[in-house]
Structure formats: structure tokens, C-alpha cells
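Reader: I'm new to this one. Can you put it up and walk me through it?

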Amino acid sequence: MSVNVHQFTVSDDEHGLSLQQVIRSRLGEIVSGKQIKRLIHDKYCQLNESIERFSSKKVRARDQVRLVISSSNASSLDILYEDEELYVVNKPVGLVCDEGCFDRLLPTSYFLVHRLDKETSGVLLVAKSERIRDRLMDQFREREVKKTYLAIIDGEIPSHQFEVSKPFGKVARFDGGSRWGSVKTPRAKVATTGFEVVSQKRGCALAKCMPKTGMTHQIRAHLSELGLPIRGDVLYHSVKSELGQRVLLHSLRTTFTHPISHRRLTFEAPIPNDFSQVMANENLTC
């Protein structure tokens, strides 16, 4: 992967333009408007030394802009397991789980069984037929699939083990997404997550997160509401986020029943390098 850092000062003529517009005027020959918007949203842009995630932000003369542009030539997928019915893959950071996301990476037809957030890495189940997808989805609905995530958390956790279980739903909408959390809406579904401290130093911790339900952002929202946001999670008010740093949440382990052989299977995804580096910097051990 190659990385290029571009820095410049907003001129008087550029005063009042959006951040996307001023970057496009400077770097339009090497990066498209769509790419600029994605880079800003993914926390690769600083405005006056603070990460700015909104491409529509208006700039002022003499503002300092810093943009990191990285490119990856990765053309393969880390497949943890494959048979005639399914894949277990190690989803990379930055991949959006939507229709067609593996078109260049898997040689057969495939059907997503579940999803991970764009910034979340780790174990992902992918079926080779609709029949197998439906059987695996049934296991998720019946809570027969056991998942364990690792998260690097800003803050000190008072209890070694604890559980959060609250009615859950959408609490805010904004351009490009939504924020989720505890709600008092009648008949709202309950989201439940178990937590276990693995390692803890002053001001931060490494924790296992075991969701018993599968609602959008439930791990991130539960921790944020406890005042323990995941490192790099700007959406849920992380107190620390470095340029280009993603949400430090990793799908470590998944256990499920094979829909044909009926064997109980467990797969683990290696901890990514960026995650391991932060662990080392904070003296956290797994």
C-alpha cells in the first residue's frame, strides 16, 4: 500500500468553499470528487489539526488542510475456510458489506449471511447458495451463532464482566448515516451484549464483546452510553482518534453449526496489524 500526504493553506480566493470543493480544486487531477468525499468521511482529512468528517464543511482563508491518500493493490481475500456450501472469510477493514462486494475476490456465486460495519474487520460467513444462506440466517435469528469481538476502549472499566441489555433503536439521522442507541419507544427490540475485560491500563482497555442480539452498532452504542467509547469511533464520541484511524473493533471468533454436516464449527480471524499496533502502544495484551 502506498501513502501520500497532501498539505496546503486555504487561500483568500477559496474562503467559503466546502472542504470537498477546495480539495478538488487542489488535487482534482489525482483524486475524484467521490473519492475525496469518502476519504473525508473515513477520517483521512484534518482541518486545522482536527479530524473533519463532513465534506460540506465551509473553510476559511488560512485554514490548514491535511489529506492522506492511500491506495491498496490487494487482489485476494483471506479465506479462513471453504467447502461446497460456504466460505468463512476474514473481512478486511474498509470493505462495505453489500451486494457485489466480493465479485472480484470470490470465483463462485455467493450470498451474504450477515454483515460487519465498513471499519470492522474479522470473521464473516458467506454462503454459496440461497438455501445455505437461509439456514445460516435462521441460526442467527435463533441466537445459535456465538460471536466474540475485540475492542480497544477509551476509559477504565470498573467490572471484569458485565452485561448491557436495553431497548434499542435509531436515535439520530444525519447526512450519510444514522446513530443508534437506547430508546424508550414502545415495543422496541432489546439489544443485549456481554463484556469481559482482557487487559486494562490507565485510561484504556482491551475487552471481549459478546453480542447476544445482532442490531446495528449495538456494541459501539452500548459502550458509548457507558462512557467507554471504542477508540477511533468518531460517530459515538470517541475521545481519541488519529488521522486515518478506524473504529478499533474486530470480529475475532464465530461459532455456528454447519447447515449440512451439523458439526459445530469455530473460526478465528487474526488480529489486524493496525489493531495490534495500538495494543502494543498502550501495553495491552491479549
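Author: Start with a cut-off: buried means under 20% relative accessible area, exposed means over 50%, and partly exposed is in between. Keep in mind that this is a predicted model.

Reader: Where does threonine 108 lie?

Author: In the loop between β6 and β7, where β7 is residues 111-112.

Reader: And what does threonine 108 touch, not counting residues up to four places away in sequence?

Author: Tyr87 and Lys128. Threonine 108 and lysine 128 are 20 residues apart along the chain, and their C-alpha atoms are separated by 7.3 Å.

Reader: New topic, helices. At what angle do α1 and α2 pack?

Author: About 125°, with the axes 10 Å apart. Helix α1 is residues 19-27, and helix α2 is residues 33-41. The two are therefore oblique to each other.

Reader: Is the crossing left-handed or right-handed?

Author: Right-handed.

Reader: Which residues meet there?

Author: From α1, Leu19, Gln20, Ile23 and Arg24. From α2, Gly33, Ile36, Lys37 and Ile40. By class, this contact has four nonpolar, two polar and two charged residues.

Reader: What about serine 55? Where does serine 55 lie?

Author: In the loop between β3 (50-51) and β4 (64-71). Serine 55 has 12% relative accessibility, so it counts as buried.

Reader: What is serine 55 in contact with, leaving aside its neighbours within four places in sequence?

Author: Ser18, Leu19, Gln20, Lys37 and Ile40. Leu19 and Gln20 are among the α1 residues that meet α2, and Lys37 and Ile40 are among those on the α2 side.

Reader: Let's go to the core. How many residues has the largest nonpolar core?

Author: It has 39 residues. Those with the most contacts inside it are Phe102, Leu124, Val126, Ile152, Ile219, Leu223 and Ile230.

Reader: Which elements give two or more residues to this core?

Author: Strands β6, β8, β9, β12, β13 and β14, plus helices α4 and α5. There is also another core apart from it, of 16 residues, with Val22, Cys45, Leu47 and Ile69 among them.

Reader: Back to leucine 223. What is leucine 223 in contact with, leaving aside its neighbours within four places in sequence?

Author: Ile153, Phe195, Cys209, Leu228, Pro229 and Ile230.

Reader: And leucine 150? Is leucine 150 buried or exposed?

Author: Buried, because its relative accessibility is 0%. Leucine 150 has its place in strand β9. Not counting residues up to four places away in sequence, leucine 150 touches several residues, including Val198, Leu206, His250, Phe275 and Cys286. The C-alpha atoms of leucine 150 and valine 197 are separated by 9.8 Å, with the two residues 47 apart along the chain.

Reader: Last topic, backbone angles. What should I expect for phi?

Author: Most residues other than glycine have a negative phi. Arginine 62 is not a glycine, yet it has a positive phi of about 75°. Arginine 143 also has a positive value, near 60°.

Reader: Where do arginine 62 and arginine 143 lie?

Author: Arginine 62 is in the loop between β3 and β4. Arginine 143 is in the loop between α3 (130-141) and β9.

Reader: Why does arginine 62 count as exposed?

Author: Because its relative accessibility is 60%. Arginine 143 is at 46%, so it counts as partly exposed.

Key:
Residues numbered from 1 in each chain as written. Predicted model: local features only at pLDDT ≥ 70, side-chain atom pairs only at ≥ 80, totals over all residues. Heavy atoms only, no water. Axes fitted to C-alpha atoms, helices over the stretch in contact; angles between N-to-C directions. Helix = DSSP H or I, 4+ residues; strand = E, 2+ residues; numbered from the N terminus. Parallel < 35°, antiparallel > 145°, perpendicular 65-115°, else oblique. Left-handed = near helix turned anticlockwise from the far one by under 90°. Contact = heavy atoms within 4.5 Å. Nonpolar A, V, L, I, M, F, W, Y, C, P; charged D, E, K, R; others polar. Core = buried A, V, L, I, M, F, W, Y, C linked by side-chain atoms within 4.5 Å. Buried < 20%, exposed > 50% of the residue type's maximum accessible area, 1.4 Å probe, protein only.
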